[in-house]
Amino acid sequence: MMRLKVFILVLFSFFISNVMAVEMTIPADKEVIEFGTKLGTVTFAHKMHADLSITQCTTCHHKLQPADTVIKPCHECHKHESTEPTKASMAFHTRCTGCHEYTVAGGQQAGPLKKKCKLCHIKE
């Protein structure tokens with residue numbers, strides 16, 4: 001009986017993740033996102049990151065629910081100068097470099113790590 005419950009739970013989880021993957025597509029104007037910062041423009045390859053095998057929408061969009069049909073932009077909650085929730089720059093730096101460090105620790109290549117600011121922030 002326990003095996004059946006586990007099987008049903010795994011099957012349900014698989015179904016939900018596939019439904020979200022099918023319904024959540026990145027609009028063409030969001031495939032690459034540019035963030036203007038004091039240190040220079042940060043260009044985020046959104047589609048490339050979304051297509052990685054180690055990421056799901058909820059990796060970054062942590063408030064996303066299965067019933068959601070629209071994903072809120074990060075800055076809707078994470079304002080530039082807010083403290084609750086974490087301000088945008090802190091949230092991005094923590095999430096992005098944290099994922100890159102995790103990926104490198106797992107023996108794979110990843111983007112810039114901490115203290116390599118100019119690799120992401122490009123002055124024009």
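**Note on the predicted model**

1. The sheet is open and has 3 strands in the order β1-β2-β3, with antiparallel pairing. Strands β1 (33-35) and β3 (121-122) stand at the edges with a single partner strand each, so one side of each has no neighbour in the sheet. Pairing here requires at least two DSSP bridges between two strands. Helices (H or I, at least four residues) and strands (E, at least two) are DSSP runs, numbered from the N terminus.

2. This is a predicted model, in which local features need pLDDT of at least 70 and side-chain atom pairs count only at pLDDT 80 or more, while totals for chains, interfaces and linings use all residues. Residues are numbered from 1 along each chain as its sequence is written, and side-chain values use heavy atoms, with hydrogens and water left out.

3. Strand β2 (residues 41-44) is joined to β3 by 2 bridges, and these strands run antiparallel.

4. The chain has 5 helices and 3 strands. From the N terminus on, the elements run α-β-β-α-α-α-α-β.

5. A search of the whole structure finds 1 aromatic pair. Phe 35 and Phe 92 form this pair, which is tilted, at 5.1 Å centre to centre and 45° between the planes. Phe 35 lies in strand β1 and Phe 92 in helix α5 (residues 88-105), so the pair ties together parts that are 57 residues apart in sequence. The criterion is that rings of Phe, Tyr and Trp (its six-membered ring) have centres within 6.5 Å; planes under 30 degrees apart count as stacked, over 60 as edge-to-face and the rest as tilted.

6. Phe 92 is partly exposed, with a relative accessible area of 21%. The classes are buried (under 20% relative accessible area), exposed (over 50%) and partly exposed (in between), with a 1.4 Å probe and protein chains only. Buried residues make up 15% of the 124 residues in the chain.

7. The structure holds 1 salt bridge. Asp 51 forms a salt bridge with Lys 47, and the closest N and O atoms are 3.1 Å apart; the definition asks for a side-chain nitrogen of Lys or Arg within 4 Å of a carboxyl oxygen of Asp or Glu. Asp 51 is exposed, at 55% relative accessible area, and Lys 47 is partly exposed, at 34%.

8. Helix α2 (residues 46-50) includes Ala 50, which is partly exposed at 39% relative accessibility. Not counting residues up to four places away in sequence, Ala 50 touches Ile 26 and Thr 55, where contact means heavy atoms within 4.5 Å. Ala 50 and Ile 26 are 24 residues apart in sequence and 8.5 Å apart in space, C-alpha to C-alpha. Over the chain, residues 24 or more positions apart account for 37% of the contacts with a separation of 6 or more.

9. Met 48 is also placed in helix α2 and is partly exposed, with a relative accessible area of 45%. Met 48, Leu 52 and Ile 54 form a nonpolar surface patch with about 250 Å² of accessible area together. Patches are made of residues with over 30% relative accessible area and no salt bridge, joining like charges within 9 Å and nonpolar side chains (Val, Leu, Ile, Met, Phe, Trp, Tyr) within 5 Å.

10. The accessible surface of the chain comes to about 10100 Å², of which 64% belongs to carbon and sulfur atoms. Accessible areas come from the Shrake-Rupley method with a 1.4 Å probe; for residues, only the protein chains shown count as cover.
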